[in-house]
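Biologist: I am new to this structure and would like to learn how to read it. Could you take me through its surface and its charged pairs?

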Amino acid sequence: MKKPIDQFVSVILPIRNGETTLRNCLDSLLAQTYLDFEIIAIDDASRDKSFKILKEYRRKDKRLIISRNVKQYGMSVTLNRALKKARGSYLALMNQRDISTPDRIKRQIFYLRRHPKVAVLGTQATFLDLSTNQTFKSSFPTDHRTISKTFLSSDA
């Protein structure tokens with residue numbers, strides 16, 4: 001197992017037929033104010049232009065590490081393949097439909113450094129429609145007790 005690079009973030013990005021949202025997702029990651037990161041994007045045998053988009057972005061930014069499954073393996077296998085490639089001492093998960101604010105990673109790393117006993121953290125979200133118009137904001141729990149009770153539930 002590789003020794004993690006201190007203060008380095010590995011962003012894990014599984015992809016499956018993400019052509020319509022992938023550019024926005026990648027643009028938001030590459031616009032981060034925290035620069036010490038890599039994006040490990042694994043395409044799960046998409047049938048659209050997702051992998052072509054990944055190759056295009058890879059030519060622009062070498063922090064993007066891409067690969068493609070030879071057949072569709074599903075989310076679990078794809079995530080595990082990405083994790084094996086990760087070099088960071090921190091991991092961030094990203095969905096192909098997500099857009100991160102420019103300071104997302106910076107704020108999360110700052111919080112984790114100030115709270116060394118915290119192992120996992122998340123964020124609130126603004127939900128957008130396909131035209132990137134805001135539809136509503138999340139109200140996920142923020143206190144430890146409620147998070148612990150609902151962590152593996154989809155009701156939160």
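**Reading patches, helix faces and salt bridges**

Modeller: Let us begin on the surface, where V70, Y73 and V77 form a nonpolar patch with about 300 Å² of accessible area together. This is a predicted model, in which local features need pLDDT of at least 70 and side-chain atom pairs count only at pLDDT 80 or more, while totals for chains, interfaces and linings use all residues. Residues are numbered from 1 along each chain as its sequence is written, and side-chain values use heavy atoms, with hydrogens and water left out.

Biologist: What are patches made of?

Modeller: They consist of residues with over 30% relative accessible area and no salt bridge; like charges are joined within 9 Å, and nonpolar side chains (Val, Leu, Ile, Met, Phe, Trp, Tyr) within 5 Å. The areas come from the Shrake-Rupley method with a 1.4 Å probe, and for residues only the protein chains shown count as cover.

Biologist: Where does Y73 lie?

Modeller: Y73 sits in the loop between β3 and α3. Helices (H or I, at least four residues) and strands (E, at least two) are DSSP runs, numbered from the N terminus. With a relative accessible area of 37%, Y73 is partly exposed. Buried means under 20%, exposed over 50%, and partly exposed in between (1.4 Å probe, protein chains only).

Biologist: Which residues form the positive surface patch?

Modeller: That patch is made by K49, K52, K55, R59 and K62. Lys and Arg count as positive and Asp and Glu as negative, with His and the chain ends not counted. A charge is placed at NZ of Lys, CZ of Arg, CG of Asp or CD of Glu. K52 belongs to helix α2, residues 50–60, and is exposed at 58% relative accessible area.

Biologist: How should I read the two faces of a helix?

Modeller: An α-helix has 3.6 residues a turn, so residues three or four places apart point the same way. In α2, the buried residues are S50, F51, I53, L54 and Y57. They lie on the same side of α2, because they cover an arc of only 155° around the axis; the arc is that of the directions from the helix axis to the C-beta atoms. The face turned away from this buried side carries the exposed residues K52 and R59.

Biologist: And how many salt bridges does a search of the whole structure find?

Modeller: Side chains of opposite charge can pair when their charged atoms come close. The cut-off for a salt bridge is a side-chain nitrogen of Lys or Arg within 4 Å of a carboxyl oxygen of Asp or Glu. The search finds 5 of them. One joins R23 to E56, with the closest N and O atoms 2.7 Å apart. R23 lies in helix α1 (residues 22–30) and E56 in helix α2, so this pair ties together parts 33 residues apart in sequence. R23, E56 and K60 are linked in a network of salt bridges.

Biologist: What does R68 pair with?

Modeller: R68 forms a salt bridge with D43, the closest N and O atoms being 3.0 Å apart. R68 is in strand β3 (residues 64–68) and D43 in strand β2, 25 residues apart. D43 counts as buried at 0% relative accessibility, while R68 counts as partly exposed at 37%.
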